[in-house]
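Please read the following briefing alongside the structure shown below.

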Amino acid sequence: MTLASPALALPPVRSGFFASLAPGGAKVLFALATIAVAFLFAFPVLWLLLTSLRPESGVYYVHRGTEFTWHNYVEVLQQENILKAFFNSFAISTLATILSLGVTVTSGYMLSRFRGPIPNGWFSVIYVLRCVPYISWVLPLFFVTRQWGIFDTYWGLLLPHVAVHICFFSWIMKGFFDGIDPSMEYAALIDGCTRWGAFFRVALPSAIPGMTALAILCWLYTWNEFLFALMLTAHKTPILTVVMAQFVHELGMEWHLMSATAMMALVPALIVTIFGQKYVIRGLRV
Amino acid sequence: MTIPVADLADPPKPPMFGERQRFMLLLIAPAVVALIFFQIVPILTGANASFRDWSLHDPKYTWVGLKHYWYVLSDPGFVWTVMPNTLVFMAVSVAVSLVFGLGLALILNRQFAGRAVLQTILLLPLMVAPVVAAIMIRWMFNDQFGIVNVVFEALGLPQQPWLAQRWTAFGVILVADIWLWTPWFALLLLAGLQSLPKEPFEAAAIDGASRWRVFRYLTLPMLRSVMVVCIVIRGIDAFRTFDIVWTISAGGPARSTELFSIYAYIEAFQAMNFARGSAAAIIGAIIIVVLAMVVFRLLNRWMEVSK
């Protein structure tokens, strides 16, 4: 199965090829191409859903079975480790979102409102650190967090996650503040507000819509993150993505349980996709 | 759309380290502290470890100089498999996602029934965990029960043991990555398309330019800066891909689909030589940081030229 080229073929070929078709032909082809694209992108998720609803023996012929069952979900939810992993992932994502946004909103404000050596230096630091591959600092973090006694705890995963987000989010936050007219802050300063007052009472409230979007994305990034969770947690603090990856390697054959777990891990993504679209699209604009 | 930003109420003669500088530093202080403790200290620890005898089962911590760097740089696996894999992965993944993403952006930029549905479907891969995506793809390409082989059989094509051969496994990883990232390109390019001025397109329509010429000589050049930014960001991220490869093939079969991150991880935690893994990680970091700085310089110059 390839992510075939209907989408790709459309624009270049259009002038010559479509002109030769009957007037309605172009429309039909366009509709077919669109449907094919939608199908290709939705298919893996649909297939996972279908697999997760089949009984244990049914996963070997998913494409022609007719029995369906909720049993896989029930069985997964009875495993204590998975329940714990769900809870931990949820807690870490939520806490990491709060901390990351709190730390980066001031940093982004600084980058947006000031000029000079300090902002320039900070920007270069952020750019370089963002390019450093995760593996280069997550390997030693394994030892560093052990030494500090926070390995396999919430803090030991939470704080590195905040560090991961700082570089990129500072940049995005700068974008939000760039789009907000600073003249209100001048007015506040002239009226005797302190710099902090101008930031908290004037700038921050106008950045709320952008921050909401970023909060949703940040929550999902953390929920989906794998490498840091793999390296920095063990049995005490199971994290959902790690538990799922272990599933694949250790219990490779239990595809019915596997897909039920993966489906449940997908729920936040589905909710955001359906209800939070507007925010996500806003947050993605780099 | 950005509003020119002036400094907040400059004092008449700014002192070297006045109230304004203190405010700036306080604003970034929490971020700086977090970065120092959880990024810079680990990077330095790793750099230090890469010069020492630091295996996981029997660490002696003695200084061995560049030994691990020579080992990695003369390891045929690293030079002839891992680095080519990483660079090919970067190039193919970014190029294909960009082309598909551009096609999708052009589709989404038109008005048609079902546009909202298509956009919702395209958002989904962006939200899905790479691990979950890898699991789905792995299951679809399962050699015995996967739907892909079922389809192949129905079409009369030879079934493949997808994950047991180097190039098919690499292809499966690429498919997963392209599935994950095409929508990202599509949405950013769509935003770019929607912010383009209308007038040149109207002028072209009046002149009777064909759609292909409009695309080639108007849309593409005007989208260039958005495309370059997307390519740079995604390229840097593609270089460090870990999770989908780990979940789909774990670098196998026989370490033939390893990317650079997987190599460092396997050397450090499966070959139990933390120093060697760190050396590999540092080499990779140097490569990508140098590349990123060169690109940044080029971009700066090129963007100025184009203005």
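In chain B, helix α5 (residues 130-140) packs against helix α7 (residues 166-194) at an angle of about 130 degrees, with the two axes 10 Å apart. Here axes are lines fitted to C-alpha atoms, for helices over the stretch in contact, and angles run from 0 to 180 degrees between N-to-C directions. The model is a predicted one, in which local features need pLDDT of at least 70 and side-chain atom pairs count only at pLDDT 80 or more, whereas totals for chains, interfaces and linings use all residues. Residues are numbered from 1 along each chain as its sequence is written, while chains are lettered from A and ligands numbered from 1 in the order in which they are written.

**The packing of α5 and α7 in chain B**

- The angle makes α5(B) oblique to α7(B), given that angles under 35 degrees count as roughly parallel, over 145 as roughly antiparallel, 65 to 115 as roughly perpendicular and the rest as oblique.
- The crossing of α5(B) and α7(B) is right-handed; a crossing has that name if the near helix is turned clockwise from the far one by less than a right angle, and is left-handed if the turn is anticlockwise.
- On the α5(B) side the contact is made by B:Pro130, B:Ala133, B:Ala134 and B:Ile137, and on the α7(B) side by B:Val172, B:Val175, B:Ala176, B:Trp179 and B:Leu180, where contact means that the C-beta atoms of two residues, placed from the backbone, lie within 7 Å.

**Chain A as a whole**

- Chain A has 14 helices and zero strands, where helices (H or I, at least four residues) and strands (E, at least two) are DSSP runs numbered from the N terminus.
- Of the 286 residues in chain A, 46% are buried; a residue is buried if 20 or more other C-beta atoms lie within 10 Å of its own, exposed if 12 or fewer, and partly exposed in between, with C-beta atoms placed from the backbone.
- Among the contacts in chain A with a separation of 6 or more, 75% are accounted for by residues 24 or more positions apart.

**Helix α9 of chain A**

- Helix α9 (residues 195-206) of chain A has 12 residues and reaches 16 Å from its first C-alpha to its last, close to the 16 Å expected at 1.5 Å a residue, the expected span being 1.5 Å times one less than the number of residues.
- The buried residues of α9(A) are A:Arg195, A:Ala198, A:Phe199 and A:Ala203.
- Seen down the axis of α9(A), these buried residues fall within an arc of 95 degrees, so they line one face of the helix; the arc is that of the directions from the helix axis to the C-beta atoms.
- The exposed residues A:Trp196 and A:Pro205 are carried on the face of α9(A) turned away from its buried side.
- The cover over the buried residues of α9(A) includes α4 (80-113), α7 (154-178) and α8 (183-190) of chain A, together with α1 (19-49) of chain B.

**Where α7 of chain A meets α1 of chain B**

- The axes of α7(A) and α1(B) come within 9 Å and cross at roughly 125 degrees.
- That angle makes α7(A) oblique to α1(B).
- The crossing in which α7(A) passes α1(B) is left-handed.
- Residues of α7(A) that make the contact include A:Leu159, A:Pro160 and A:Val162, and those of α1(B) include B:Ala31, B:Ala34 and B:Phe38.

**Two buried residues within helices**

- A:Gly210 is found in helix α10 (residues 208-224) of chain A and counts as buried, with 22 C-beta neighbours inside 10 Å.
- Not counting residues up to four places away in sequence, A:Gly210 touches A:Phe176 and A:Arg282.
- B:Val96 is found in helix α3 (residues 76-108) of chain B and is buried, with 20 other C-beta atoms within 10 Å.
- B:Val96 and B:Ile178 are 82 residues apart in sequence, yet their C-alpha atoms are 7.0 Å apart in space.

- B:Arg255, in the loop between α10 (243-248) and α11 (260-269) of chain B, has a positive phi near 60 degrees although it is a residue other than glycine.
- B:Met272, in the loop between α11 and α12 (274-306) of chain B, is not a glycine and has a positive phi of about 60 degrees.
- B:Arg255 counts as partly exposed with 16 C-beta neighbours inside 10 Å, and B:Met272 counts as partly exposed with 13.
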